[in-house]
Amino acid sequence: MGVIFDEAGAPTAGSEAWMTPDAVALLERVEALVPTLAERAADAERVGKVPVETVREMQQAGVFRVLQPRRWGGYELDPRVFYRVQMALARGCMSTAWIYGVIGVHNWQLPLFPEQAQRDVWGEEGERSDTLIASTYMPVGKAEPVEGGYRFSGRWGFSSGVEHCQWIFLGGLLPREDGGEGLEHTTFLLPREDFEIVENWDVHGLRATGSHDIVVKDAFVPAHRTQRTNNHSDNGCPGRALNEGWLYRIPFTQVFQRAVSTACIGALDGAIAEFRQRAAAHVGKHGAKTAEDPNAQMAVAQAMLRSDELKLVLMRNFQQIVDHAHQGTQMEVEDRLLQRAQSALVAKTCAAHVDELLRACAASGLYRSNPIERIVRDIHQARGHIANNTDAYARSFGAVMLGLPNADPYI
């Protein structure tokens, strides 16, 4: 997936034009972090938190700026760069890559909010442009309209990486702005002093993500700190008035859904690398080399084949998404549902192949000293995210293909 540039620094014909010199340099900095992430992964899991120094190093490398507008000090790069960064990080530590996905994508959503909300977070002159935002979008917040905004309360689960963040996006429901029937999902933006972190993340995998509960008690949220999450019109995304680039015309779901599945691909790659190294050196109790085991050969080959396929689909789908954003058009509902189902399938697919890699390690591979054991748990934990509910999104796609109406409100 390399890129060749001419003497002027422009990508040559036939290469991936979206891999600009800035993107190439960024990926090089990320690759330099991967061995350190792998060294820290076991301790991060034990402590239940990605190390502060890791997040600092990621900030210094510029990874959180991939989708951030240039006018706020970001790179404003193609989303495919964002997901390549996430896959690279996941080769070292999937928990680190997971919080990168869900925190880093917020620098894409905040530019959709009114300008004042952006200034609240990043400063009047962008002096706080490295500020990080956490989230939990489940629409459980209770909002009472008051003068200038809302009184807001609720309890949310699964806020990954929140301990590293100074602001948070929280989900709630508000009456439709167009006066239609029903409610619509709304993202509320709150500063750290307005929410409590309840440390209760004691789970099977992705333990270092620190995905704790959040509690808000009667906080005031100004109206300018709200955004109708699934309203992709200019009216629903007032920040586009100044953030005019095509990047901010992509619908929310098309960006976010991949933020919680793509780390699985990188983690599978990390397991493959670990397995290859282990199999080349390991001799079992009965004197047989793992590398000579047909089951091991098949497990690694199938894992590598599927990883390649998953990456190809990811990049192809984003080419379609980016093309529509450039043109200011909307993808057909059938294509949107297909892509949602394909994104949700990633975790299930990676779990099946990493399971086979662990099985091919035989009994000695089950010790926690084997990084593949942790990767297995991390990927299976990722399957629990609602956006990775493979069967639900496959059925939604299948229903529309059989002539039934689309029932997915996020599509």
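Buried, in these legends, means under 20% relative accessible area, exposed means over 50%, and partly exposed is what falls in between (1.4 Å probe, protein chains only). This is a predicted model, where local features need pLDDT of at least 70 and side-chain atom pairs count only at pLDDT 80 or more, while totals for chains, interfaces and linings use all residues. Residues are numbered from 1 along each chain as its sequence is written, and side-chain values use heavy atoms, with hydrogens and water left out.

**View 1. Confidence along the chain.** The predictor's confidence in each residue, pLDDT, runs from 0 to 100. Its average over the protein is 94, and 95% of the residues score at least 70. Residues 1–14 are another story, with pLDDT below 50. Even so, that stretch makes 22 contacts in the model beyond near neighbours in sequence, a contact being heavy atoms within 4.5 Å.

View 2. A salt bridge here is a side-chain nitrogen of Lys or Arg within 4 Å of a carboxyl oxygen of Asp or Glu, and the count comes to 26. One of them joins aspartate 78 to arginine 80, with the closest N and O atoms 2.8 Å apart. Are these two partners buried or exposed? Aspartate 78 is buried because its relative accessible area is 6%, and arginine 80 is buried too, at 4%.

View 3. Helices (H or I, at least four residues) and strands (E, at least two) are DSSP runs, numbered from the N terminus. Within helix α6 (residues 115–122), arginine 119 and glutamate 115 sit four residues apart, about one turn of the helix. Their salt bridge has its closest N and O atoms 3.2 Å apart. Arginine 119 is partly exposed at 23% relative accessibility, whereas glutamate 115 comes out as buried at 19%. Arginine 128 and glutamate 127 also meet through their side chains, at 3.7 Å from N to O; arginine 128 is partly exposed, at 35%. Glu45, Arg368, Glu373 and Arg377 are linked in a salt-bridge network.

**View 4. Helix α9 from end to end.** Just after the helix, glycine 328 adopts a positive phi of about 70°.

**View 5. Strand β1 and its two partners.** Two strands pair if DSSP finds at least two bridges between them. Strand β1 (residues 133–146) runs parallel to β3 (residues 167–175), joined by five bridges, and serine 135 has phenylalanine 169 as its bridge partner in β3. The β1–β2 hairpin has two residues between the strands, and glycine 148 takes a positive phi near 85°.

View 6. Strand β6 (residues 212–222) is mostly covered, with eight of its 11 residues buried. Eight antiparallel bridges pair β6 with β2 (residues 149–159), including the one from glycine 149 to proline 222. Strand β5 (residues 196–198) is also antiparallel to β6, over three bridges, and isoleucine 197 partners isoleucine 214.
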